[in-house]
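Reader: Before we discuss the terms used for this model, please show me the sequence and the structure. I would then like each term set against its definition.

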2 protein chains.
Amino acid sequence: MCINMIYEVRISYKPGVQDPEGESTLEGLRALGFEKVEEVRSAKLYVIKSDYDLQQIEEMCKRLLANPISQDYEIREVKQHSSR
Amino acid sequence: MCINMIYEVRISYKPGVQDPEGESTLEGLRALGFEKVEEVRSAKLYVIKSDYDLQQIEEMCKRLLANPISQDYEIREVKQHSSR
């Protein structure tokens, strides 16, 4: 039997850092007539299925998933499921 | 006074649809020594601040944010804040 954890890792831009995708999405929405949209910020989500613990997922963020200069990461355990 | 809603819109690939970013992230993690990672799926998150209601946010997903062929969307109201 193996036990797998599922983690959701959210990578977002630090406050004040430019977010080109958020900005172009805002422009796109306004161009479609949604003129009352005030702000759009984009973020990236990775859903990771593995046997690693929270500390090791944090290590993955630091080494690969997030840019420490411009991005923040946030890790959430989603659920645990068992399978044979 | 204006009331703004904050919505989190999550755009993910439908099950069975290829996810190149998830796959290359999986390869990257394994190359770093995290060999027990079983699967990585990527998704996109838009944090939208606006006065629109849920139905209009859904309209934005259909018209701009999600590709109906390959992607699913999920909308969550995060909070409501008031400002003058």
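Author: Let me begin with burial: a residue is called buried under 20% relative accessible area, exposed over 50%, and partly exposed in between, with a 1.4 Å probe and protein chains only. This is a predicted model, in which local features need pLDDT of at least 70 and side-chain atom pairs count only at pLDDT 80 or more, while totals for chains, interfaces and linings use all residues. Residues are numbered from 1 along each chain as its sequence is written, chains are lettered from A in the order in which they are written, and side-chain values use heavy atoms, with hydrogens and water left out.

Reader: Why is Gln71(A) called buried?

Author: Its relative accessibility is 19%, and the limit is under 20%, so Gln71(A) counts as buried. Gln71(A) lies in strand 3 (residues 71-83) of chain A, strands being DSSP runs of E with at least two residues and helices runs of H or I with at least four, numbered from the N terminus. Leaving aside neighbours within four places in sequence, Gln71(A) is in contact (heavy atoms within 4.5 Å) with residues including Ile11(A), Tyr13(A) and Leu65(A).

Reader: What makes the pair of Phe34(A) and Tyr52(B) edge-to-face?

Author: Rings of Phe, Tyr and Trp (its six-membered ring) pair if their centres lie within 6.5 Å, and planes under 30 degrees apart count as stacked, over 60 as edge-to-face and the rest as tilted. The centres of Phe34(A) and Tyr52(B) are 5.6 Å apart and their planes stand at 90°, so the pair is edge-to-face. This pair crosses between chains, from the loop between helix 1 (20-31) and strand 2 (37-50) of chain A to the loop between strand 2 (37-50) and helix 2 (54-65) of chain B. Phe34(A) is buried at 8% relative accessibility, as is Tyr52(B) at 6%.

Reader: What is said to sit over the ring of Tyr52(B), and why?

Author: The rule asks for NZ of Lys or CZ of Arg within 6 Å of the ring centre and within 35 degrees of the ring normal. The charged end of Lys36(A) sits over the ring of Tyr52(B), 4.8 Å from its centre, and Lys36(B) lies over the face of Tyr52(A), at 4.7 Å from the ring centre.

Reader: Why is Arg63(B) called partly exposed?

Author: Arg63(B), in helix 2 of chain B, has a relative accessible area of 45%, which falls between the two limits, so the residue is partly exposed. Leaving aside neighbours within four places in sequence, Arg63(B) is in contact with Leu32(A) and Phe34(A).

Reader: What makes the link between Lys44(A) and Glu21(B) a salt bridge?

Author: A salt bridge needs a side-chain nitrogen of Lys or Arg within 4 Å of a carboxyl oxygen of Asp or Glu; the closest N and O atoms of Lys44(A) and Glu21(B) are 2.8 Å apart. Across the interface of chain B and chain A the rule finds six salt bridges.
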